[in-house]
Amino acid sequence: MATIADHDSYIAAAPEAFRPVLDHLRDLLRKALPDAEEMTAYNMPGFRIRGTVVASYAAFSKQVGLYVLAPAISDHAEEIAEAGLRASKTGITFPPRKPVPDDLVIRLARASRKHVDG
């Protein structure tokens, strides 16, 4: 993907099969982080609060990634595993046909935000 200017451009440039998942992630993150600023960094769309990126997402060749602050992942490691998902220190990758459950996306985003608030 080329360098992106905003969320809409990123989603429009993603493979067609990924667009509905990316749109849905964006909507869930907006809901969970209503006061966050939409931004792009490292060629990924994300959400920033007081200068800290608390959530972002990306499309890759075969999977989608959801990224939050590391403590949010560790706080929800058991739920992530129970959902049959694999996580790194700061993210979860998944095929577009098996997305992260909506309630888990919202909890991860809010937990990530909580770590910015202290």
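Me: Where is Arg113 found?

Reply: Arg113 is found in helix α5. Helices (H or I, at least four residues) and strands (E, at least two) are DSSP runs, numbered from the N terminus. This is a predicted model: local features need pLDDT of at least 70, side-chain atom pairs count only at pLDDT 80 or more, and totals for chains, interfaces and linings use all residues. Residues are numbered from 1 along each chain as its sequence is written, and side-chain values use heavy atoms, with hydrogens and water left out.

Me: Why is Arg113 called buried?

Reply: Arg113 has a relative accessible area of 18%. Buried means under 20% relative accessible area, exposed over 50%, partly exposed in between (1.4 Å probe, protein chains only). So Arg113 is buried. Other buried residues of α5 include Leu104, Val105 and Ile106.

Me: What is Arg113 in contact with, leaving aside its neighbours within four places in sequence?

Reply: Its partners are Leu33, Asp35, Ile49, Arg50 and Val54. Contact means heavy atoms within 4.5 Å.

Me: What span is expected of helix α5, and what does it reach?

Reply: The expected span is 1.5 Å times one less than the number of residues. Helix α5 (residues 102-117) has 16 residues, and 22 Å is expected. From first C-alpha to last it reaches 23 Å, close to that value.

Me: Why do Asp8 and Arg26 count as a salt bridge?

Reply: A salt bridge is a side-chain nitrogen of Lys or Arg within 4 Å of a carboxyl oxygen of Asp or Glu. The closest N and O atoms of Asp8 and Arg26 are 2.5 Å apart. Asp8 lies in helix α1 (residues 7-13) and Arg26 in helix α2 (residues 19-32), so parts 18 residues apart in sequence are tied together.

Me: Is Arg26 buried or exposed?

Reply: Arg26 has 7% relative accessibility, so Arg26 counts as buried. Arg26 also meets Glu38 in a salt bridge, at 2.9 Å from N to O. That pair links helix α2 with strand β1 (residues 37-41), 12 residues apart.

Me: What makes Glu38 partly exposed?

Reply: Its relative accessibility is 29%, so Glu38 counts as partly exposed.

Me: What do Glu37 and Arg48 form?

Reply: Their side chains meet in a salt bridge, 3.1 Å from N to O. Glu37 lies in strand β1 and Arg48 in strand β2 (residues 44-49), so parts 11 residues apart in sequence are tied together.

Me: Which residues do salt bridges that share partners join into one network?

Reply: They are Asp8, Arg26, Asp27, Arg30 and Glu38.
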